[in-house]
Amino acid sequence: MSAGRFMLSPATVAVLADVGVSTGSMLRTAGLPEDLFLDRQVALTAEQFYRCWLAVEEISGDPALGVSLAEQAHAETFQPIVFAALCSPDLRRAAERLAAYKRLLGPLQLIVETEGDGLRVTVRWPSAPVPPPGFLGYELLVPVALARLGTRSRVSPLRVTLPDPPQGAAATAYRNYLGTPVVAGPEPTVAFTALDARRPFLTADTEMWQVFGPELRRRLADLEQRESTAGRVRAALLELLPAGQCGAAAVARRLAISVRTLQRRLAAEQTTFQEVLERTRHALARHYLARSGITVTEIALLLGYDEPSSFYRAFHQWSGTTPQQARGLLA
């Protein structure tokens, strides 16, 4: 289990079958091993997961795949976290539970806020890779589908916004499902009235939540214990450095925390952001220098340096040698 990966359950096979797509065809189109779903729990990087989403869109030819998945939603195909949310007394509490345990499903984050007397849910994600627009649309449909399953009534959101809203036939499908058009906005957001936020869930089950709750809390605690902040920073830097992003602000955005929180957590682990950055760059430099097909100038760029001379100075400080001398020793 990893907060940086999307976790797919065996129910994914049934979900895909509902929209007429086989896992084999999806995986082939996405360039992934076709035996991937032999494992009980499948963990995909964000890039792999988004390739799978785009593959399903391509194979199905469905311009509004998110709507089709939402229309097919039923409790037995949900991950335990979503099923547990159905045990909530109302949509507000269900959304809060989803937000609290979202990290167990993948790197996206749900922000649940009060809007007047109503409810607003916003989807956020690490800075890269950016999720496909269709997937972000589906993420906004999940609270709507959850509200309708829980209340057994056609709950329609007050407002839905996307940075890249659907067009043409997809826009019509979304409007028909939601009962309101999806409009352009800076963030993916779905808002509900106070009445719908408080509407009682007929699926509310306190005893069932008492079964799910402790297990979800244990899994989240295990995840947080295994993930040191320094380790999460290193993982983020491995993806950000080739794009020239090496600042604390970029890493903090990737981890969905503030720079101040990042610095505080690193200090608690007796290190700093600059120390983690330098260690990561040094390890990557040695890795790249062992590969003769990459020039020193290319390595400097891969490590996020604007100029090769900056890389030369840093490498000499780390090792007391030049990159060329180190390459000769590593060859």
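Predicted model: local features only at pLDDT ≥ 70, side-chain atom pairs only at ≥ 80, totals over all residues.
Contact here means heavy atoms within 4.5 Å.

Leaving aside residues up to four places away in sequence, Tyr 177 touches Val 67, Ala 70, Glu 71, Leu 141, Val 144, Ala 145, Arg 148 and Arg 154. Tyr 177 also belongs to the largest nonpolar core, where Met 26, Leu 44, Phe 135, Leu 146, Tyr 177 and Leu 178 have the most contacts inside the core. Helix 7 (residues 133–151) gives the most to this core.

| Item | Count |
|---|---|
| Largest nonpolar core | 71 residues |

Now for some helix packing. How far apart are the axes of helix 11 and helix 13? Helix 11 (residues 229–240) and helix 13 (residues 259–268) have axes 9 Å apart and pack at an angle of about 125°. An angle in that range makes the two helices oblique to each other. On the helix 11 side, Thr 229, Ala 230, Arg 232 and Val 233 meet Leu 262, Arg 265 and Leu 266 of helix 13. By class, this contact has four nonpolar, one polar and two charged residues.

Between these two in numbering comes helix 12 (residues 248–255), which is largely enclosed by the rest of the structure because six of its eight residues are buried. The buried residues are Ala 248, Ala 250, Val 251, Ala 252, Arg 254 and Leu 255, and they pack against helix 11, helix 13 and helix 14 (273–289). Just after helix 12, Ala 256 takes a positive phi of about 60°.

Terms used
Residues numbered from 1 in each chain as written. Heavy atoms only, no water. Axes fitted to C-alpha atoms, helices over the stretch in contact; angles between N-to-C directions. Helix = DSSP H or I, 4+ residues; strand = E, 2+ residues; numbered from the N terminus. Parallel < 35°, antiparallel > 145°, perpendicular 65-115°, else oblique. Nonpolar A, V, L, I, M, F, W, Y, C, P; charged D, E, K, R; others polar. Core = buried A, V, L, I, M, F, W, Y, C linked by side-chain atoms within 4.5 Å. Buried < 20%, exposed > 50% of the residue type's maximum accessible area, 1.4 Å probe, protein only.
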